[in-house]
Amino acid sequence: MRIAFIGLGNMGAPMARNLIKAGHQLNLFDLNQAVLAELAQLGGNISHSPREAAQDCELVITMLPAAAHVRSVYLNEDGVLAGIRAGTPVVECSTIDPQTARDISQAAARQGVALADAPVSGGTGGAQAGTLTFMVGASAELFATLQPVLAQMGRNIVHCGEVGTGQIAKICNNLILGISMIGVSEAMALGDALGIDTKVLAGVINSSTGRCWSSDTYNPWPGIIETAPASRGYTGGFGAELMLKDLGLATEAAKQAHQPVILGAVAQQLYQAMSLRGDGGKDFSAIVEGYRKPSN
Ligand code: NAD
């Protein structure tokens, strides 16, 4: 299948690699020329705009930082909707607010194009391994069309309901993640300060009731999980700026629904402070640095 893939960052690049491995031909677009050159070596075809990428393809996938990027990539005069043929399905995988997903879907529908929102969970490791969870908001018919391709990048492909519901699921999941990472950071730092070996502590937590993804897969303490960003200087994972964005989406959606998200609001402020310190580009698990003595 010829697939346009737009947005080739920490997540998009490994997802695109898996599609190339599965035998698809990819039209690639990103603002970062280095990643385009790297993927072209694997057989991808470099496009010069989202519009060019979307022409003559059978599916469009986008994986961009935030809603503003998604709007411009779809709606600009050089955007996806300027190039796409009627009837070509589209999957928008970025984490954005549900209303932007619905707005872009409506704009696409006016051109005879059906769009699904399909944000993901599983981190960069899941993107590389092809084990992501996709939370899909789409008609039943579009979901059935997309499922086989998404299964080449992920393990759990969940139909959440109509367009926008994928984003609702994602926002709720990341509300937990942002909070749980702070909880694990506090516990690991407290244990260290009180004098327990942090590897022993992590082992106890991971076989006890404190266990969660933030403790057993992505532990924020360096040296606990070899593959976690904490063990490589908090690089190459899920940026704190992106977590801050997701908690902003959750608190904003909660405001509209008159729903309290008390811990979510506190967590948002902690990531905001991290961003202000100049650490927004680090992986979000570097939130633990606020609890550690600088000499540690
Ligand atoms: P990233 O910043 O690493 O990558 C984004 C890519 O989009 C970059 O390569 C950038 O050059 C490109 N881009 C920006 N504007 C563009 C434009 N106008 N046209 C074309 N390309 C453009 O981000 P990421 O970590 O890959 O995350 C992408 C999305 O996935 C975000 O919405 C994020 O919240 C979500 N997400 C990330 C993770 C994670 O662990 N990193 C996990 C789940 C979901």
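This is a predicted model: local features need pLDDT of at least 70, side-chain atom pairs count only at pLDDT 80 or more; totals for chains, interfaces and linings use all residues.
Helix α12 runs over residues 240-256 and has 17 residues. Buried residues of α12 are Ala-240, Met-243, Leu-244, Lys-245, Asp-246, Leu-247, Gly-248, Leu-249, Ala-250, Thr-251 and Ala-254. The partners against which the buried residues of α12 pack are α9 (165-194) and α13 (262-279). Just after α12 comes His-258, which takes a positive phi of about 55°.

**Gln-167 in helix α9**

Helix α9, one of the packing partners of α12, contains Gln-167. The relative accessible area of Gln-167 is 0%, and because buried means under 20%, this residue counts as buried. Leaving aside residues up to four places away in sequence, Gln-167 touches Glu-92, Ser-94, Thr-95, Ile-96, Asp-97, Pro-98, Ala-101, Asp-117 and Pro-119.

**Val-200 and a nonpolar patch**

Val-200 belongs to helix α10, residues 198-205. Its relative accessibility is 46%, so Val-200 counts as partly exposed. Together with Ile-196 and Val-204, Val-200 makes a nonpolar surface patch of about 230 Å².

The table sets out the accessibility of Gln-167 and Val-200.

| Residue | Relative accessible area | Class |
|---|---|---|
| Gln-167 | 0% | buried |
| Val-200 | 46% | partly exposed |

Key
Residues are numbered from 1 along each chain as its sequence is written. Side-chain values use heavy atoms; hydrogens and water are left out. Patches are made of residues with over 30% relative accessible area and no salt bridge: like charges are joined within 9 Å, nonpolar side chains (Val, Leu, Ile, Met, Phe, Trp, Tyr) within 5 Å. Accessible areas come from the Shrake-Rupley method with a 1.4 Å probe; for residues, only the protein chains shown count as cover. A salt bridge is a side-chain nitrogen of Lys or Arg within 4 Å of a carboxyl oxygen of Asp or Glu. Helices (H or I, at least four residues) and strands (E, at least two) are DSSP runs, numbered from the N terminus. Buried means under 20% relative accessible area, exposed over 50%, partly exposed in between (1.4 Å probe, protein chains only). The expected span of a helix is 1.5 Å times one less than its number of residues. Contact means heavy atoms within 4.5 Å.
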